[in-house]
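Have the structure open as you read.

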Amino acid sequence: MATVSRHHMALPLALAAALAALPALAHHGWSWTEDGFFRLEGIIAAIYVGNPHATLDVDVEGETWRVELAPPGPTIRAGFTEDAARVGDEVVAIGNRSLDPGERRMKAVRIIVGDKTYDVYPNRAPTN
Amino acid sequence: MEWLAALEQSRLAGALKASFYVYPLINAGHVLAIGFLVTTVTLIDLRVLAILPARAVPSATLLRRLAIGALLVAAATGLSMFAIRASDYAAMGVFRLKLVLIALAAFNFVLFAVLFRGRSDPSGPLAAGLAATSLALWLGVLLAGRFIAFV
């Protein structure tokens with residue numbers, strides 16, 4: 001009985017430790033991002049407009065960044081569909097970078113492809 | 001990995017990826033199934049731990065069937081959502097942790113069923129230990145699952 005008790009105390013602890021240690025998809029919220037705006041420029045390596053969130057993979061000098069956008073509804077409403085850009089296009093993403101400086105990941109509020117601007121989070125987009 | 005990419009290219013994944021209604025509905029079905037699963041498992045475990053009196057819970061047979069049915073629905077809806085971005089999820093530590101916890105919880109469930117087969121109201125230290133482990137594991141599954149969307 002004593003051994004069993006120790007075991008199920010260990011599980012939540014192991015879970016918490018594992019959660020703290022691991023990077024991932026980061027769909028929801030902004031708690032994992034820096035406050036100030038971050039600007040990323042690169043070449044689109046992959047476009048995904050779908051559930052649960054749209055994403056871009058952006059090549060910046062040989063390193064791939066994951067740019068999180070909004071869920072597909074708001075992303076498409078902002079005008080950004082899978083046909084709005086192509087792999088190889090230059091893109092500027094403005095938004096908030098991951099708090100983890102080692103992680104090449106950001107959540108964009110605005111993306112610019114060519115002369116088109118898409119505010120996927122219009123409420124959070126920069127006003128200037 | 002190839003099978004993950006193949007899963008992402010499947011018609012199921014393609015349909016769910018672009019849908020405005022189906023994906024949230026599948027997601028809701030997943031939540032509903034987990035609600036059933038955790039509730040039924042909790043009732044079984046609290047009864048075994050003697051925290052709930054026998055008259056307070058439906059028969060263990062009924063609860064176990066509901067739990068198994070809910071697990072199957074949760075697995076089907078979960079697999080559907082996994083298929084959309086299979087390689088991304090498979091690379092996530094918290095997702096893999098969830099699968100490990102499900103395997104452990106399912107093993108614990110089967111172990112209990114085998115050890116106490118035919119006993120209508122199992123009790124004692126071993127039964128209580130397995131029931132407490134079950135509660136911890138299924139709660140862990142729920143937490144790991146929820147964190148997939150946030151970490």
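A residue is called buried here if 20 or more other C-beta atoms lie within 10 Å of its own, and exposed if 12 or fewer do. Keep in mind that this is a predicted model.

With that cut-off in hand, take helix α3 of chain B, residues 22-48. Its buried residues are Y23(B), H30(B), A33(B), I34(B), L37(B), T40(B), V41(B), T42(B), I44(B), D45(B), R47(B) and V48(B). What do the buried residues of α3(B) pack against? They pack against α2 (11-18), α4 (60-84) and α7 of chain B.

Now zoom out to the two chains. The table sets them side by side.

| Chain | Elements | Buried residues |
|---|---|---|
| A | 2 helices and 6 strands | 34% of the 128 residues |
| B | 7 helices and 0 strands | 36% of the 151 residues |

Along the sequence, chain A reads α-β-β-β-α-β-β-β. Chain B, from its N terminus on, runs α-α-α-α-α-α-α, and its C-alpha atoms fill a box of roughly 50 × 30 × 25 Å along the principal axes. Among contacts with a separation of 6 or more, residues 24 or more positions apart account for 52% in chain A. For chain B, that share is 79%.

Back to helix packing in chain B. Two packed helices are described by the angle between their axes and the distance between the axes. For α6(B) (residues 93-115) and α7(B) (residues 125-147), the axes come within 9 Å and cross at roughly 155°. Angles over 145 degrees count as roughly antiparallel, and therefore α6(B) and α7(B) are roughly antiparallel to each other. Their crossing is left-handed. On the α6(B) side, the residues that meet α7(B) include V94(B), L97(B), L101(B), A105(B) and F112(B). Their partners in α7(B) include L130(B), L137(B), W138(B), V141(B) and F147(B). By class, this contact has 15 nonpolar, 5 polar and 1 charged residues.

The pair α2(B) and α4(B) is arranged another way: the axes come within 8 Å and cross at roughly 85°. That makes α2(B) roughly perpendicular to α4(B). Here L12(B), A13(B), L16(B) and K17(B) in α2(B) meet S80(B), A83(B) and I84(B) in α4(B). The contact of α2(B) with α4(B) has 5 nonpolar, 1 polar and 1 charged residues.

Most residues other than glycine have a negative phi, and most peptide bonds are trans. Which peptide bond is cis, with omega near -10°? It is the one from N51(A) to P52(A), and P52(A) sits in the loop between β1 (38-48) and β2 (55-60) of chain A.

Two residues have a positive phi. E61(A), with phi near 50°, is found in the loop between β2 and β3 (63-68) of chain A. Is E61(A) buried or exposed? E61(A) counts as exposed, because it has 7 C-beta neighbours inside 10 Å. In chain B, A50(B) has a phi near 65° and comes just after α3(B), in the loop between α3 and α4. With 13 other C-beta atoms within 10 Å, A50(B) is partly exposed.

Note on methods: Residues are numbered from 1 along each chain as its sequence is written. Chains are lettered from A and ligands numbered from 1 in the order in which they are written. This is a predicted model: local features need pLDDT of at least 70, side-chain atom pairs count only at pLDDT 80 or more; totals for chains, interfaces and linings use all residues. Axes are lines fitted to C-alpha atoms, for helices over the stretch in contact, and angles run from 0 to 180 degrees between N-to-C directions. Helices (H or I, at least four residues) and strands (E, at least two) are DSSP runs, numbered from the N terminus. Angles under 35 degrees count as roughly parallel, over 145 as roughly antiparallel, 65 to 115 as roughly perpendicular and the rest as oblique. A crossing is left-handed if the near helix is turned anticlockwise from the far one by less than a right angle, and right-handed if clockwise. Two residues are in contact if their C-beta atoms, placed from the backbone, lie within 7 Å. Ala, Val, Leu, Ile, Met, Phe, Trp, Tyr, Cys and Pro count as nonpolar, Asp, Glu, Lys and Arg as charged, and the others, Gly among them, as polar. The expected span of a helix is 1.5 Å times one less than its number of residues.
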